[in-house]
Amino acid sequence: MTALTFAGARVVDPAANVDAVANVTIDGDTVTAVGDQREGTVVDADGLVLAPGLVDLHVHLREPGREDAETVATGTAAAAAGGFTAVCPMANTDPVTDHAGVVEQVLRLARDAGHCDVYPVGAITRGLKGEELAEMGAMAALGVRCFSDDGMPVRSAQVMRRALEYVRTWDAIICNHAEESALTGGAQMNEGQLATLLGLAGWPREAEDVMVARDLVLAGGLGARLHVPHVSTAGAVELIRQAKQRGVRVTAEAAPHHFTLTEDNATTYDPVYKVNPPLRGKEDIEAIRAGLADGTIDAIATDHAPHPPEQKEQEWMHAPPGMLGLETSLALTLTELVDGGVLTLSQAIAALSTNPARSRDISGHGGPIQPGAPANLVLFDPQQQWTVDARGLQSRSRNTPYAGMQLRGKVVHTLLRGRFTCRDGQVAA
Amino acid sequence: MIDHLLSIEDLTADHITEVLDTAEALKDIALRPIKKVPTLRGRTVCNLFFEDSTRTRISFEIAAKRLSADVINFSAKGSSVSKGEGLKDTALTLQAMGVDAIVVRHSASGAPQQLTQWVDAKVLNAGDGWHQHPTQALLDLFTIREKLGRLDGLRAAVVGDVFHSRVARSLVQGLTTMGAEVTIVGPPTLLPPRVDTWGAAVSYDIDEVVPKTDVLYMLRVQRERMSQQFFPSSREYARLWGIDRDRLGRLPEGAIVMHPGPMNRGVEISADVADAANSVITDQVTNGIAVRMSCLYLMLGGEEVAA
């Protein structure tokens, strides 16, 4: 193998508590040195940030079932373009990822594509129906660490409690879509003055808060591991903060759209802004940012949710919720949170890589970047301005709410075990 | 005038006055033996109805025909929409056929606004979801002005299921734009979240409001709301928030009772009130034609009205 040295990059490696200019050398699939060495081929990385490859706890790759929206190959190509080396696709495929067969299929498709490591999330219940537990053991045997009916809440407190208890077998994690659906029948957007004026049924914040509160109580009582996905309300942030203080084993994620966009976008009736949970208010954005800053929210996760144009070019109430995220997450975090003074660069990398990897027991990702570690890395230019072009994305779909927006921070290289999955901004074939 | 009539909020007080004044001139056409003027001759108006509404569709159809426009009725039932063609393709089809105005009724809030991105035609919202029904508000304002001589300073109460009512949204905005004082009345469950921001007073007690009201506007309450636990029974609803003969008697002299139809007699309005002398419900229907003629005329910029 020939060594490769990235020279002069600002190495930001929260797992090793490092933020300093250094040279990083890889050989084959492994990091071999961090220091002032210049071994092998030298790649000038002056002005770039070198960090552990990003990790996304929450994506929808749509395969099997909705290959018109995304495939494992296109979704992981989008991930590589966005600087990710590991993503966790949710179980709401068709057929549902509620048995080992679909897990194996997704793993194989990901391996064949080679863009990014994939850690499928298994369903909690058969068919995401919230009634009978899925055979989690068979999925756990394939390495599944987290179970979720994402998109569908586990409504029954009994089923939720059983699931939390059952996965202790593997010390695995339950991630419940936090929506009390009795309060969100027909809901289209955040409940409030704007929903009223637009004539759209409201999704009250309380529907998230009561479900998060229930789950925190259940998980706390059992000592079980709970992950709260796509936190969207100030109330949920505070509930998680308090639970962490009293020792509940909870982790949480927030999506870039929930710390960058507000419900005001709904006035366009453009369903590109329709998402579940919905875009909320400024005070929620502030609370989520504060939660990221103080560690209440561990991870930034995109909830990357591709939909084909004909699905989104419908009446708002008929269009499915969800937006793309993989190719804009890093830049939004840098532009809105780091430039905005909410997070240090090191905190941002922790939220995008180190914390999500640890919270899901994903080894080999998230750093530390040290000799012997797998070379799962991202190099990005934190200053480069670029304009989001929906048609220029790797994703098969185009439903990004950021089209036309100018962002700062662009991925230059992504490496998966030493191999370029994205090189000079271009996804490797 | 405006490009599209999507919401009553698109109209200033001056716009509304212009619509009402024009409607007044056009109303006389109905009194003539030949109820037709050539104003919109050669123009094509498409009534695009994705949701059933016989009365609004007929009202628009008569309005357009009295102005000599060619009228096409495109209803979602029996058209390609029911075969799976979406809003966008329907819009592109109408665009390709070159219609001048599209009158659209849709169960989805915002559909008329979405339509404007795909067509050059003028779009008139004939009711979308819970959002807006601007021509209903205009015909209501016209009727109030006709009966009471003014809008500014009048005391209006809008009673009932404001939450699910596009009529209420449009009317409250129209009334406040024109300087009326509005009180919204109903059970708290049927008032929209943050109704306090609507620029109207709010009351849960109709009996407190009735003696101080010049215009009592009753909204239709759908029985399905009962099964969704918005209120316990239609009997209790009628008792607490309906208008009956007793309450009618406590309205000030000269006050009027309105309803957008179709009525649930015995629920929000008792049969004897519906047929009472100060009920102007059928006038609302009549005036709907003149007001819709006015909107089509002003938006399509036809020839001078032959007054």
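1. Contact order, chain A. Take the contacts between residues at least 6 apart in sequence: 74% of them join residues at least 24 apart. The model is predicted. Chain A carries 12 helices and 19 strands.

2. Overall dimensions. For 429 residues, a compact globule would have a radius of gyration near 22 Å; chain A comes in at 20 Å, which agrees. Along the principal axes, the C-alpha atoms of chain A fill a box of roughly 60 × 45 × 40 Å. Buried residues make up 61% of the 429 in chain A.

3. Nonpolar core. The largest one has 238 residues. Those with the most contacts inside this core come from chain A, as Leu50(A) and Leu379(A), and from chain B, as Ile102(B), Val158(B), Leu216(B) and Leu296(B). Helix 12 of chain B (residues 281-300) gives the largest share, 9 residues. In soluble globular proteins, nonpolar side chains tend to be buried together.

4. Leu50(A). Beyond its neighbours within four places in sequence, Leu50(A) is in contact with Phe6(A), Ala9(A), Arg10(A), Val11(A), Val24(A), Ala45(A), Leu377(A) and Leu379(A).

5. Domains of chain A. The assignment gives domain 1 as 3-50 + 372-427 and domain 2 as 53-359. Their C-alpha centres lie 25 Å apart. Domain 1 puts 31 residues into the contact, and domain 2 puts in 43.

6. The domain 1 side of that contact. Strand 16 (377-387), strand 17 (406-416) and strand 18 (419-423) of chain A each supply at least two residues. Strand 17 gives the most, with 7 residues. By type, this side divides into 17 nonpolar, 9 polar and 5 charged residues.

Definitions and conventions
Residues are numbered from 1 along each chain as its sequence is written. Chains are lettered from A and ligands numbered from 1 in the order in which they are written. This is a predicted model: local features need pLDDT of at least 70, side-chain atom pairs count only at pLDDT 80 or more; totals for chains, interfaces and linings use all residues. Helices (H or I, at least four residues) and strands (E, at least two) are DSSP runs, numbered from the N terminus. The radius of gyration is taken over C-alpha atoms; the globule rule is 2.2 Å times the number of residues to the power 0.38. A residue is buried if 20 or more other C-beta atoms lie within 10 Å of its own, exposed if 12 or fewer, and partly exposed in between; C-beta atoms are placed from the backbone. Two residues are in contact if their C-beta atoms, placed from the backbone, lie within 7 Å. A nonpolar core is a set of buried Ala, Val, Leu, Ile, Met, Phe, Trp, Tyr and Cys residues joined through C-beta atoms within 7 Å. Domain bounds come from an automatic or database domain assignment. Ala, Val, Leu, Ile, Met, Phe, Trp, Tyr, Cys and Pro count as nonpolar, Asp, Glu, Lys and Arg as charged, and the others, Gly among them, as polar.
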